[in-house]
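Please read it alongside the sequence and structure shown here.

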Amino acid sequence: EELHETTGMGITNLNIGSILNKQGKYEEARQKILAALKIFRELGNKSPLWGVPFCYEKLGEIFESEGDSSLNKKESANKYRLAINEYLNASHLREKDSSIGALYSYSKLGNIFIKTGDFNNARKYLSKSLQESTKREIKAYLPGIYKNLSILDSLNGDYKEAYENFQKYFLYREKMQNDEAQKKVIQTRLQYDFDKKEALSK
C-alpha cells in the first residue's frame, strides 16, 4: 500500500509538471518533475520501469518548450541541447529494458534534431523509431514519424520522398481516426446492449 502511494505521488508530480509546462510555467514544472524523479530513484528496484526515463523525457520537454519560446537564438540552442541530453538519457534506459517507450524517445530526438538543423541525427532517430514501430506493430507513432520524415525530406530538397512520406502520414492519420471512430461506435453499442439487459432484468 505504501509503495502504491509513493508511486502515486510520483505520477501526480509528473501530471502537474506536464500541465505547468503547457502553461509556460517552466521553472515550476521542472521542480515538479525533479520531485517525481527523486521519488522514483529512491524507490530503486521497486520503481516502475518507466518512472525514471519518463521523468527524463518530461524534463526534456520543458527544455524544448523553453527553446521554442525563446526569442534569443543562442538561448534556444542551449535549451535544445539540454533537451537532447534528457531525451538521450531516457532512450538509453529504455533500450536497456527493451521498452517500447524507446519509440517515444526516438521520436522526440528526431523532432528536436530537425529543429537544430542536425538532419543526419534526425533521420537516424526517426528511422529507428519507424523500424521499432513496424517491428512491434505499434501504429500510434507512425503518423508523427512520417510527418517528420516528410519535413526532413523537404528541408533536404528531396521533394519526391517528402511527398511520399506525407501521403503515408495522411493515410495512417486517417486510418487511426477511422479506427477510433469505429471503436467508439462499438463501445456505444455494447453499452446500449448492457443497459438494455440491465433494464430487462429489473
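In this predicted model, helix α4 meets helix α5 through Y80, A83, I84, Y87, L88, A90, S91, R94 and E95. The α5 side of that contact is formed by A102, S105, Y106, K108, L109, I112, F113, K115 and T116. By residue class, the contact of α4 with α5 comprises 11 nonpolar, 3 polar and 4 charged residues.

**Geometry of the α4 and α5 pair**

- Helix α4 spans residues 73–96 and helix α5 spans residues 102–116.
- The axes of these two helices come within 9 Å and cross at roughly 155°.
- Angles over 145 degrees count as roughly antiparallel, and α4 and α5 are therefore roughly antiparallel to each other.
- The crossing in which α4 passes α5 is left-handed.

**Aromatic pairs**

- The count of aromatic pairs in the model comes to 6.
- One of these pairs joins F40 and W50, whose ring centres are 5.5 Å apart.
- The planes of the F40 and W50 rings stand at 70°, and planes over 60 degrees apart count as edge-to-face, so this pair is edge-to-face.
- F40 belongs to helix α2 (residues 26–43), whereas W50 sits in the loop between α2 and α3 (51–69), so the pair ties together parts that are 10 residues apart in sequence.
- F40 has a relative accessible area of 1% and is buried, while W50, with a relative accessible area of 34%, is partly exposed.
- Another aromatic pair, Y106 with Y125, is tilted, with 6.1 Å from centre to centre and 35° between the planes.
- Because Y106 lies in helix α5 and Y125 in helix α6 (residues 119–136), this pair ties together parts that are 19 residues apart in sequence.
- Both Y106 and Y125 are buried.
- Y106 is also among the α5 residues that meet α4.
- F40, W50 and F54 are linked into a cluster by ring pairs.

- S150 is located in helix α7, which covers residues 142–155.
- The relative accessibility of S150 is 7%, and buried means under 20%, so S150 counts as buried.
- Leaving aside residues up to four places away in sequence, S150 touches A162, N165 and F166.

Terms used
Residues numbered from 1 in each chain as written. Predicted model: local features only at pLDDT ≥ 70, side-chain atom pairs only at ≥ 80, totals over all residues. Heavy atoms only, no water. Axes fitted to C-alpha atoms, helices over the stretch in contact; angles between N-to-C directions. Helix = DSSP H or I, 4+ residues; strand = E, 2+ residues; numbered from the N terminus. Parallel < 35°, antiparallel > 145°, perpendicular 65-115°, else oblique. Left-handed = near helix turned anticlockwise from the far one by under 90°. Contact = heavy atoms within 4.5 Å. Nonpolar A, V, L, I, M, F, W, Y, C, P; charged D, E, K, R; others polar. Buried < 20%, exposed > 50% of the residue type's maximum accessible area, 1.4 Å probe, protein only. Phe/Tyr/Trp six-rings, centres within 6.5 Å; stacked < 30°, edge-to-face > 60°.
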